[in-house]
Amino acid sequence: MSFFDVWSSMDWDDVKMSIYAKQAKDVELALAKPKRDLQDFMALISPAAEPYLEQMAQQSYQLTRQRFGSTVGFYIPLYLSNLCANDCTYCGFSMSNRIKRKTLSAEEIEQECLAIKAMGFDTVLLVTGEHEGKVGLDYFKQMLPIVKRHFSYVMMEVQPLSEAEYAELRQYGLDSVMVYQETYQHLTYDEHHIRGKKKDFRWRLETPDRLGKAGIDKIGLGALFGLEDWRADSFYVAAHLRYLQKQFWQTRYSVSFPRLRPCEGGLVPKSIMSDRQLVQLICAYRLFDNELELSLSTRESQAFRDKVIPLGITSISAGSKTQPGGYVDNVKEELEQFEIDDDRSPAEVAKALVATGLQPVWTDWDNSYSASR
């Protein structure tokens, strides 16, 4: 049994039709409940819920403050390599893109870590392209101890690995893994993943199962908004979350909200998600699960992040560089996975949060947001 079995029992068109068929009475019923199920979540992400956005935002804000207080966790991505053996239509790292390729050495990783620590971070997200040959398990085993010397909490966003590999990396200091399905619509997935192991839809879909079995502390889920209907994909993410919570109840979970951003060789989004719709989705997830960690990256603009973070976001990136070696070199090259929008320094982002009454938290070492810088 894996989530693939659950996914196989669902029909994309039926899910989408059910979402768009929700009415105002369904939304009002969901808003009145102390606990919401998947049908309620459907109503909250439906077009019928759009007139109720203010009420959703108020409830989301209250639930977030009750569970997480005034804290917002800070993390930063550290790009180790842009080598990739996949060809994906939406990613700047795709193997067919003629960009400069770079993989950081042990010495370069050390320097990047020192530069990041100087900014105040104690939680880092390690990111690579998907290249098992040159940036695989052996490389991760070499670099994780280096990174772990500098940071209390280490997350990874790399190619899907086996359960045994995740369990081994956990011994080297791995705490959390982000793995996004991109889209749960199989035909659309095939359309955008042209070559490479990432074409294996099921292998990617079952990655969180392997993470749960390996005992990883936190699993990050999400879809890439722009490839397909955002409402349907978001429902599948919620269904995936509920399945995992029942199977691996000791694991923590987070959901992220990446929207397609410009990149080298990138494509025009099929489905545009407006700012208002993203606010609706963030609030819907908070109302669906008040324990869930919700993350917002520097893909989004300064103005948008400052307004929406208090409503339900619990962790954010800041000062991000999306090319290998970006923190030491500080030079924009054709090495990026995608362009960022909020280019403020971490200190500037933290100052903006404090101005709204929120408290920046720079470490996640004790598996909570109780510790501060």
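At the start of helix α12, a side-chain oxygen of aspartate 229 comes to within 3.1 Å of the backbone nitrogen of arginine 231. Please bear in mind that this is a predicted model.

Let me stay with α12 for a moment. The helix runs over residues 230-247, and its 18 residues should span 26 Å at 1.5 Å a residue. The end C-alpha atoms are 26 Å apart, in agreement with that expectation. How many of the residues of α12 are buried? The number is 14 of the 18, so the helix is largely enclosed by the rest of the structure.

I turn now to the loop between β5, residues 176-178, and α9, residues 186-192, where glutamate 182 is found. What is the phi of glutamate 182? The angle is near 70°, a positive value in a residue other than glycine. As a reminder, most residues other than glycine have a negative phi. Glutamate 182 has a relative accessible area of 8%, and because the cut-off for buried is under 20%, this residue counts as buried.

Tyrosine 180 is found in the loop between β5 and α9 as well. With a relative accessibility of 11%, tyrosine 180 is also classed as buried. Which residues does tyrosine 180 touch, leaving aside those up to four places away in sequence? They are Glu157, Arg204, Gly220, Leu221, Gly222 and Ser256. With serine 256 there is a polar contact between the two side chains, at 3.1 Å. Finally, proline 258 lies 78 residues from tyrosine 180 along the chain, and the C-alpha atoms of the two are separated by 9.5 Å.

How values were computed
Residues are numbered from 1 along each chain as its sequence is written. This is a predicted model: local features need pLDDT of at least 70, side-chain atom pairs count only at pLDDT 80 or more; totals for chains, interfaces and linings use all residues. Side-chain values use heavy atoms; hydrogens and water are left out. Helices (H or I, at least four residues) and strands (E, at least two) are DSSP runs, numbered from the N terminus. The expected span of a helix is 1.5 Å times one less than its number of residues. Buried means under 20% relative accessible area, exposed over 50%, partly exposed in between (1.4 Å probe, protein chains only). A polar contact is a pair of N or O atoms within 3.5 Å; within protein, one must be able to donate a hydrogen and the other to accept it, and residues adjacent in sequence count only if both atoms are side-chain atoms. Contact means heavy atoms within 4.5 Å.
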